[in-house]
Amino acid sequence: MLIKNRKASDVLGSEITPKSVFDNRRAFLKTAALAGVGLAAGALPSLPALAARTPLSGVKKTRWSADSLPENDPVNDYEDITGYNNFYEFGTGKRDPKANAQDFKPEPWSIAVEGACAKPGKISFEDLIKPHTLEERVYRFRCVEAWSMVVPWVGIPLADVLKRFEPTSDAKYVYFETLLDPEQMPGQRYPVLKWPYKEGLRIDEAMNPLSFLSVGLYGEVLPNQNGAPVRLVVPWKYGYKSIKSIVKIKFQSAMPPTSWNEAAAREYGFYSNVNPAVSHPRWSQASERRIGEIFKRKTLMFNGYEEEVAGLYTDMDLRKWH
Amino acid sequence: MVWVIKPAVWVLCLAPLAWLGWLVADAVLLGGRGLTANPVEFINRYLGDWALRFLLIGLAVTPLRILSGWKQVVRLRRLLGLFAFFYVVLHVSNYVVLDQFFNWTAIWEDIVKRWYITVGMLALVCLIPLAVTSTKGWIKRIGGRNWNKLHKAVYVAGAAACLHFFMMRKGLQYEPLVYGAIFASLMMMRAVEPLKRKLRAA
């Protein structure tokens with residue numbers, strides 16, 4: 001008898017959408033999107049954002065495809081993913097980022113690499129991406145505010161990028177920073193948080209195969225409001241860990257400060273793993289509202305990525321290290 | 001004069017609800033996106049915003065009378081107060097029905113665990129007896145003086161509502177501070193007037 005051990009994220013035969021259906025859906029979406037852009041651009045020629053939808057070429061399919069997710073996790077539509085954002089650098093309302101990020105300039109862009117690594121320095125966005133093959137990763141995305149989406153990201157595994165800088169044995173943590181530029185990021189004119197936005201991961205979390213640097217969405221260049229030109233995606237953690245518009249990566253031995261932890265340590269821990277058993281002072285995390293649905297669904301441990309990441313936290317009290 | 005103004009106030013007070021109704025109809029029938037990708041959250045905040053605004057508008061009647069000397073304006077106070085309560089009830093109903101879907105365990109947990117919800121519920125509890133006793137019959141039954149005393153609870157509700165808004169926002173956001181400042185100045189004007197009168201008498 002054949003005994004197969006199945007991971008939660010593995011594909012069941014019953015879950016596979018026939019390729020023709022999938023391709024058709026893609027083709028339809030693309031046509032619909034292009035038609036939408038055409039119409040909107042025709043009607044409102046002054047909106048530069050609508051012209052900015054640039055397709056990315058050579059994107060590799062991975063085992064983290066839309067088909068790998070259960071049937072009740074359909075991919076959210078482009079409008080929702082790009083029109084409903086928390087990106088306080090562009091305002092605290094959900095629609096502010098789309099409205100206020102259109103003049104943001106994601107190029108030219110460079111990232112400062114610092115700290116405990118053999119190859120520190122400044123690296124341009126192009127040089128950061130060039131040696132890698134772009135991949136599509138369809139991940140569940142869970143916001144600490146108890147809503148969630150399914151997002152088809154395009155990008156590169158974080159581990160592959162970090163290894164290029166040859167972190168030393170002192171590199172126990174990786175620290176990230178968002179651009180600080182109130183001229184381009186009007187939300188930074190208000191002291192909602194201490195700018196620039198700061199985030200961090202433990203090095204083994206950063207090296208986990210799920211950790212991802214995203215540069216695109218739906219096979220296209222990442223829109224400004226979603227964190228262009230490059231953002232982090234850590235799907236088993238609450239969304240605010242996924243820092244956007246990264247300008248600095250620093251390897252260090254000490255646990256780095258993070259913006260939300262600085263603002264309210266009781267509410268936002270360093271780890272911020274999705275955990276339905278640990279109630280947040282603001283929102284019960286037991287359930288969530290999937291965007292596009294009215295009623296809530298149960299939240300999964302580590303956002304459904306338990307088998308891939310639970311090993312990172314054995315022997316840790318996840319209540320204390322929330 | 002007031003008989004002309006009252007219908008106008010009715011229309012203005014119902015306008016935000018009508019606009020919400022339009023957004024819902026547009027979303028359902030035409031696939032409009034005015035309710036954002038998360039309609040439940042949008043409706044909650046929209047109704048909460050208007051509940052707080054009407055509460056402050058109701059609290060502005062007395063200062064307006066003091067500043068303008070227009071005594072008749074007081075006759076609009078009960079109507080405005082009831083509209084504030086109306087939006088509070090819609091706001092809470094949306095939370096109970098669409099947000100939590102009658103999950104009373106989750107709601108109770110919210111009330112005891114999450115301070116901003118505790119404070120919000122305090123505002124609601126303060127307003128219920130005021131809405132109940134808003135009729136002429138109730139004023140007679142408990143007497144004008146007691147009725148006036150009881151209706152001072154609106155100050156607690158106003159403070160709690162402002163605090164609820166402030167606590168609910170993440171980080172340091174200026175919008176709740178603006179509402180808080182408006183509430184504080186409305187309260188201050190009430191305190192200053194009797195003081196002036198005393199000075200004049202002395």
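A residue is called buried under 20% relative accessible area, exposed over 50%, and partly exposed in between (1.4 Å probe, protein chains only). By this rule A:Glu177 is buried, at a relative accessible area of 15%. The model is predicted: local features need pLDDT of at least 70, side-chain atom pairs count only at pLDDT 80 or more, and totals for chains, interfaces and linings use all residues. Residues are numbered from 1 along each chain as its sequence is written, chains are lettered from A and ligands numbered from 1 in the order in which they are written, and side-chain values use heavy atoms, with hydrogens and water left out.

A salt bridge is a side-chain nitrogen of Lys or Arg within 4 Å of a carboxyl oxygen of Asp or Glu. The whole structure holds 31 salt bridges over all chains. A:Glu177 pairs in this way with A:Lys248, with 3.9 Å between the closest N and O atoms. The partners are 71 residues apart, in strands β5 (residues 173-178) and β10 (residues 246-252) of chain A. Strands (E, at least two residues) and helices (H or I, at least four) are DSSP runs, numbered from the N terminus.

The interface of chains A and B involves 29 residues of chain A and 25 of chain B in contact (heavy atoms within 4.5 Å). The buried area is about 2,300 Å², with carbon and sulfur atoms giving 48%. This area is the accessible area (1.4 Å probe) that two parts lose on being put together, summed over both. A:Arg95, A:Arg282 and A:Arg289 supply 25% of what chain A buries against chain B, more than any other three residues.

The rule finds 6 salt bridges across this interface. A:Asp77 bonds to B:Arg33 in a salt bridge, the closest N and O atoms lying 3.2 Å apart. Another salt bridge joins A:Arg289 and B:Asp99, also at 3.2 Å from N to O. A:Arg289 lies in strand β11 of chain A and B:Asp99 in helix α4 (residues 77-99) of chain B, so the pair joins two chains. A:Arg289 is buried at 5% relative accessibility, and B:Asp99 at 17%.

Within chain A, A:Arg282 forms a salt bridge with A:Glu267, the closest N and O atoms being 2.5 Å apart. Both residues lie in the loop between α8 (259-263) and β11 (287-290), so the pair ties together parts 15 residues apart in sequence. A:Glu267 is buried, with a relative accessible area of 13%. A:Arg282 is buried too, at 10%.
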